[in-house]
Amino acid sequence: LENAVIEDQPAKGGKYPFALKDSRGDELVITARIAPEKAGWMAEFTQLIAVFKEKKVFGTPMLQLLAVERRQTPLVVEMSIQYLKEHAPNSEGVFRVPGDQAKVEELKQLWNKGLATPEHMVGVENVAALLKLYFRELPEPLFPFESFKDLVQMQDSFESTNDAVQYVKELAAVVDGLPGPVSHVLYMLCDFLYELSKHAEVTLMNVDNLALVFAPNLIRPKEHTMETSLASPSVNKIMTFLLQRRKEIWGSIEGLADAEGLEYCPL
């Protein structure tokens with residue numbers, strides 16, 4: 001797709017075609033049933049071609065990035081977690097202590113240009129900041145915007161009933177509705193953060209602290225209002241519950257393998 005172009009074609013016999021052409025002149029004709037469907041597909045292909053050309057990692061919808069990278073997990077997420085698993089347990093204030101802003105921006109640009117290597121991923125504070133930045137700059141968080149209100153209501157209900165079994169079922173239903181790769185990345189991150197919380201005596205970052213850092217990046221409304229701001233404590237508690245009960249939540253989804261470590265992948 002990097003060198004592909006989109007060519008519009010006239011409607012014929014109630015069908016609405018357009019073509020994708022590569023640099024060799026090969027052509028793939030795609031036919032839509034109605035004009036609005038054709039316009040939507042052409043817009044999506046245009047955006048995807050732009051992603052291939054720019055090789056942009058930050059700010060690109062995750063599923064589009066995965067299509068470009070041909071992976072189940074964004075490479076920047078995987079490399080960041082691998083580095084932090086090794087080095088973060090001995091770092092006080094990991095994810096709370098800010099990285100060097102210039103270094104983090106440099107890392108971001110290296111990833112966006114397709115030039116980042118493991119040798120560039122150095123410094124716990126910088127890599128931790130990069131990982132947070134990746135999720136913060138997603139156009140839509142891992143939990144879609146439309147799920148924000150429902151998640152907050154589930155948390156409020158749990159606080160009233162203290163029925164953890166029901167809460168696990170409700171969160172599992174939300175997770176089950178996510179695209180497979182998104183669910184996989186969310187589990188991978190939750191599992192990493194929970195394991196990191198076991199080193200709180202050194203890092204001073206327990207499960208609540210880590211949830212507080214990541215919750216706004218993973219669960220956020222499309223528009224910030226006074227009402228959504230007041231829901232921040234609930235959002236933090238949702239994140240804490242996800243970390244603590246991740247194996248029950250993912251493991252309770254019918255048809256998925258048992259949630260075991262970072263190898264788990266609900267695809």
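Partly exposed, on this tour, means a relative accessible area between 20% (under which a residue is buried) and 50% (over which it is exposed). Keep that in mind for the stops ahead, and remember that this is a predicted model.

**Stop 1: the end of the tour's numbering, Arg-245 and Glu-248**

Select Arg-245 and Glu-248. Their closest N and O atoms sit 3.4 Å apart, in a salt bridge. Buried or exposed, or something in between: what is Glu-248? Its relative accessibility is 40%, so Glu-248 counts as partly exposed. Arg-245 is partly exposed as well, at 26%.

**Stop 2**

The structure as a whole holds eleven salt bridges.

**Stop 3: Lys-237 and Glu-159**

Show the side chains of Lys-237 and Glu-159, which meet in a salt bridge with an N to O distance of 3.3 Å. Colour helix α12 (residues 232-244) and helix α6 (residues 148-161) to see what is being linked: Lys-237 belongs to α12 and Glu-159 to α6, 78 residues apart. Lys-237 has a relative accessible area of 41%, so it is partly exposed. Glu-159, at 42%, is partly exposed too.

**Stop 4: Glu-7 and Lys-21**

Jump to Glu-7 and Lys-21, whose side chains form a salt bridge at 3.1 Å, N to O. Which parts does this pair tie together? Glu-7 is in strand β1 (residues 5-8) and Lys-21 in strand β2 (residues 16-21), so the bridge joins parts 14 residues apart in sequence. Glu-7 is partly exposed at 32%, and Lys-21 is partly exposed at 24%.

**Stop 5**

Zoom in on Phe-135. What is it in contact with, leaving aside neighbours within four places in sequence? Its partners are Met-62, Val-77, Leu-142, Val-185, Leu-189, Phe-214, Asn-217, Leu-218 and Arg-220.

**Stop 6**

Conventions. Residues are numbered from 1 along each chain as its sequence is written. This is a predicted model: local features need pLDDT of at least 70, side-chain atom pairs count only at pLDDT 80 or more; totals for chains, interfaces and linings use all residues. Side-chain values use heavy atoms; hydrogens and water are left out. Contact means heavy atoms within 4.5 Å. A salt bridge is a side-chain nitrogen of Lys or Arg within 4 Å of a carboxyl oxygen of Asp or Glu. Helices (H or I, at least four residues) and strands (E, at least two) are DSSP runs, numbered from the N terminus. Buried means under 20% relative accessible area, exposed over 50%, partly exposed in between (1.4 Å probe, protein chains only).
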